[in-house]
Amino acid sequence: MGQEITEPVRCSLPVLGFAAFSGTGKTTLLTQLIPMLREQGLRISMVKHAHHDFDVDKPGKDSYELRKAGATQMLIASDRRMALMTEFEPPADPRLQDLLAQLDPRRADLVLVEGFKHEHFPKIELHRPSLGKPLMFPEDTDIIAVACDAPLDRDCDRPLLDLNDLGAIRDFVLQWHRELT
């Protein structure tokens, strides 16, 4: 990712990140956790960092063709959803703060974030010792808990969660959210 952001992220909604190295299962966990949080009455907004050039539209579709023709912003909407595509010229990593400003706070109770691990906001670290990657929590003071699938080889001064116990992760998130609201 680009340069280190030193200012804390600010948002009118609680923002909680899930930080881990690639291949740890962030998206898989979140696709299972979001319905569990919705069952508890929380409306969830989601922000995900993508490391690659991506499109949510398909070549040949009007919105894709209009964006490729030079529109720096392309908003497409129907009676069911809308999507806003913004081209960054010159290309630059987006700042989480700027992305959060695009969200409608009237439509959510909690923002979950996948990625943006170098920015300053509360995060749960997901860790699988079998992947051989280092723990982030010793260096990242924004990590409020560590979810892992095996015992850690060092002491941890943060709450430890079982990465395979989605109920425990849900309960931790709900308690954290209650304390903020």
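Trainee: Which residues lie nearest the centre of the largest pocket?

Mentor: A pocket is an open set of points on a 1 Å grid over the protein atoms alone, with protein on both sides within 12 Å along at least five of seven lines; lining residues have an atom within 4 Å of a point. Here the lining has 36 residues, and Phe54, Leu84, Met85, Thr86 and Leu99 lie nearest the centre. This is a predicted model, where local features need pLDDT of at least 70, side-chain atom pairs count only at pLDDT 80 or more, and totals for chains, interfaces and linings use all residues. Residues are numbered from 1 along each chain as its sequence is written, and side-chain values use heavy atoms, with hydrogens and water left out.

Trainee: Which residues touch the most other members of the largest nonpolar core?

Mentor: A nonpolar core is a set of buried Ala, Val, Leu, Ile, Met, Phe, Trp, Tyr and Cys residues joined through side-chain atoms within 4.5 Å. The largest one has 24 residues, and those touching the most other members are Phe18, Leu29, Leu37, Leu110, Ile124 and Val173. Helix α4 (166-180) is one of the elements supplying at least two residues; its six are the most from any element. Helices are DSSP runs of H or I, at least four residues long.

Trainee: Is histidine 177 buried or exposed?

Mentor: Buried means under 20% relative accessible area, exposed over 50%, partly exposed in between (1.4 Å probe, protein chains only). Histidine 177 is buried because its relative accessibility is 9%. This residue is found in α4. Leaving out residues up to four places away in sequence, histidine 177 touches Pro14, Leu42, Asp109 and Leu110, where contact means heavy atoms within 4.5 Å.

Definitions and conventions. On a 1 Å grid over the protein atoms alone, a cavity is a set of points where a 1.4 Å probe fits but cannot get out, and a pocket is an open set with protein on both sides within 12 Å along at least five of seven lines; lining residues have an atom within 4 Å of a point.
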